[in-house]
Amino acid sequence: MKLLVTGGAGFIGSNFIQYMLNRYTNYEILNLDSLTYAGNLENLKLVQDNSNYTFVQGDISDQKFVYNLFQQGIDGVIHFAAESHVDRSIMDPGVFVKTNVLGTQVLLDASKKYGIKKFVHVSTDEVYGSLGATGLFTEETPLAPNSPYSASKAGSDLLVRSYFETFGIPINITRCSNNYGPYQFPEKLIPLIIANALSDKSLPVYGDGQNVRDWLHVEDHCSAIDLVFHNGISGEVYNIGGNNERTNIEIVQKILLQLGKPESLIQFVKDRLGHDRRYGIDASKISKELGWEPRHNFESGIKETIQWYLSNRDWWSRIQSGEYRKHYVAQYGSR
Ligand code: NAD
C-alpha cells in the first residue's frame, strides 16, 4: 500500500505519519508538504530514516507537480494539507481559498485521473458553525461556517462530496474537534499558553474566555482516520470528537496550575471577529459503525502534553522566532 499524506510536516499530519509507520510496517508513505510557516520537518525526526518514508516538497495547488507525483502510483490519499489558523484567515483569507479549496480540487482531479482506492479528506467541526448552550453537531447538521478558515474548509468538503456523487471517487470526510498533543504549532491555544507562561509573558485570552471547545488527543484522531481509511463506507462523513468540552479559560487555568504559574498572567483581549461560541461533537456514528473509541483520558492526556512541551523546549523555542514572531506582534502586539 502506498499512501500519499498531504501536509505531513504539520501538527496532525506528522503525528499521523509516525502512527501509521509504527502500525503498518509494510506501507509506504509519501509526505507532500510545501513547508509553509506551519510545516516543520523536525516533527518527523523519529521517522526520517525509515525506508518506508519519503518526503517531497511541493504545493498541492500545483497541478503539474501533483500529477507527476500520482504517476508514481498512489493507492490512498490522506489529505491534511491546509491553512489551518482562524486568526490568520481573518487577516489574509486569499491563501486559505487557494490551498484549502483549489489545492483540494487539484488532489481530487489527480485521484480521478490516476485512480485511487480511498481519499480521506480531513476536515473540522468548525464547518458546522457555532452551537448554543445545548445540542451537538451530527453529520446531518447543516454547514454554516463563520470564519474564512471554516468557510474554505466547508468549500473543500463540498468539492470532495461532489467528486463522490459525480465521478464516484471513493472518498470519506472526517470532521474532528480541537486536537491537542505533541508538535502543535505554538500559535494554537495550548502550546501558546504553555510557552508564554514558561516565559512569564501575558496570556492572551479572547473575550470572556467562556468559548467552549471539545478536545481530542491527536493520537485518537489518528486512530479514527486510520479506521475511516480502511473501513469507512465511501461517500460517508464521520464526526470525530472526545466528549471533552471545556471553556478556553478552564484550559488556561489547568495549564497554569500544572506549571505553578499565577493566574495574574491571564490577559483578556478583544474578542476574535465572528468568534464561534461553542463546538460540541456527536461522534456516535464512527463509534457504532467503525468501532472507534478514544484511548486518551483528557485529564492525563493534557498533563502528558504539558510535560512534552516542557521536555521539548528547544523545538518550540526555535519556531518562536522569525515569521511567527511577526505574526504574534501583528495579532497581540509586542507583549
Ligand atoms: P498545521 O497548520 O499544523 O499543518 C498544515 C500543514 O500543511 C503544514 O505542514 C503546511 O506546511 C502544509 N501546507 C499548507 N499549505 C500547503 C500547500 N499549499 N501544499 C502543501 N502543503 C501545505 O495543521 P494541523 O493542525 O495539523 O491540521 C491538519 C488538518 O486537520 C487541516 O486540514 C485542518 O483543517 C484539520 N483539522 C485540524 C484540527 C486541529 O485541532 N488542529 C482539528 C480538526 C481538523
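Analyst: Happy to! H8 and H10 cross in a right-handed way, where right-handed means that the near helix is turned clockwise from the far one by less than a right angle, and left-handed anticlockwise. Bear in mind that this is a predicted model, in which local features need pLDDT of at least 70, side-chain atom pairs count only at pLDDT 80 or more, and totals for chains, interfaces and linings use all residues. Residues are numbered from 1 along each chain as its sequence is written.

Two packed helices are described by the angle between their axes and the distance between the axes. Here the axes of H8 (residues 248-259) and H10 (residues 298-311) come within 11 Å and cross at roughly 60 degrees. That angle makes H8 oblique to H10 (under 35 degrees is roughly parallel, over 145 roughly antiparallel, 65 to 115 roughly perpendicular, and the rest oblique). Axes are lines fitted to C-alpha atoms, for helices over the stretch in contact, with angles from 0 to 180 degrees between N-to-C directions. Helices are DSSP runs (H or I) of at least four residues, and strands (E) of at least two, numbered from the N terminus.

On the H8 side, Lys254, Ile255, Gln258 and Leu259 meet Ile302, Lys303 and Ile306 of H10, with contact meaning C-beta atoms, placed from the backbone, within 7 Å. By class, this contact has 4 nonpolar, 1 polar and 2 charged residues.

How values were computed
Contact = placed C-beta atoms within 7 Å. Nonpolar A, V, L, I, M, F, W, Y, C, P; charged D, E, K, R; others polar.
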